[in-house]
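Open the model in your viewer and keep the selection tool at hand. The tour goes stop by stop.

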Amino acid sequence: CVDFSRPVVMVRAADVGMRGNETKEEVDANGGLCALVEEIRQKAAGLMGMGSVVGKTSPKIAVLSPPCADDGAHINLSTRFFTNPFDRDLHYALAMTAAQNLAASCLAEGTIASEMCRLPVGHARAAPGLLDYEFNIRHPSGEAKVFITAEEEEQGEGERRRLVAASYIRTVAKVMEGDA
């Protein structure tokens, strides 16, 4: 679990019998899978010191996989993010707080996200030592773009990243028009 913008438990898709490209309908219809994901979420919450989270929506849980072969080279990670596994509710897309968490986790060594991620190249900012990373995360209805700013720090045997900012761009499309 990583707590960056919100606590998120991360699980490898293969570890719960998923491919990583399932639809919301497929996941919501699989009661055994949702029960397993909820069991993992509850155990992780206990390990995090959150106590009992039965019937609560935090921490969230994301099932991760590497980008699929048919994803473009710009996709860094694929996820299936649960709104409430106990209610059989896979998010139709990806909450942006979770997207920020997953992107940041890709930059943190030893996380499941860092294992699964196709790491983008960091681009230098005007401020010395700061790099911007652009992540594109595949989800059931498309992809989410997230930006992470990290400060590169030298520590003994190598470099370390200190995450300093996260942002995203969200567009809104007109859904309907009418007169009252």
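Start with the largest pocket. Select Tyr92, Ala93, Leu94, Met96, Asn136, His139, Ser141, Glu143, Ala144, Lys145, Ile169 and Arg170, which line it. A pocket here is an open set of points on a 1 Å grid over the protein atoms alone, where a 1.4 Å probe fits, with protein on both sides within 12 Å along at least five of seven lines; lining residues have an atom within 4 Å of a point.

This is a predicted model: local features need pLDDT of at least 70, side-chain atom pairs count only at pLDDT 80 or more, and totals for chains, interfaces and linings use all residues. Residues are numbered from 1 along each chain as its sequence is written, and side-chain values use heavy atoms, with hydrogens and water left out.

Now color the lining by class. It has 6 nonpolar, 3 polar and 3 charged residues. Strands S7 (130–139) and S8 (142–155) each supply at least two lining residues. The largest share, 3 residues, comes from S8. Strands (E, at least two residues) and helices (H or I, at least four) are DSSP runs, numbered from the N terminus.

Stay on S7. Is this strand mostly covered or uncovered? Covered: 7 of its 10 residues are buried, meaning under 20% relative accessible area with a 1.4 Å probe, protein chains only. Next, show its partners; two strands pair if DSSP finds at least two bridges between them. S4 runs parallel to S7, joined by 2 bridges. Select Leu77 to see it opposite Ile137 in S7. S6 (residues 123–124) pairs with S7 in the antiparallel sense, also over 2 bridges. There, Ala124 stands opposite Leu131.

Move to the largest nonpolar core: buried Ala, Val, Leu, Ile, Met, Phe, Trp, Tyr and Cys residues joined through side-chain atoms within 4.5 Å. Of its 29 residues, Met10, Leu64, Leu94, Ala99, Leu102, Phe135 and Ile148 touch the most other members. S7 and S8 are among the elements that each supply at least two residues. Helix H3 gives the most, with 7 residues.

Select Met10. Beyond its neighbours within four places in sequence, Met10 is in contact (heavy atoms within 4.5 Å) with Val2, Ala62, Leu64, Asn101, Leu102, Ser105, Ile112 and Ala113. Apart from this core lies another, of 14 residues, among them Ala13, Val27, Val37 and Ala44.

Finish at Pro66, in the loop between S3 and S4. Its distance to Ala13 is 9.2 Å, C-alpha to C-alpha, although they are 53 residues apart in sequence.

Notes:
Nonpolar A, V, L, I, M, F, W, Y, C, P; charged D, E, K, R; others polar. Buried < 20%, exposed > 50% of the residue type's maximum accessible area, 1.4 Å probe, protein only.
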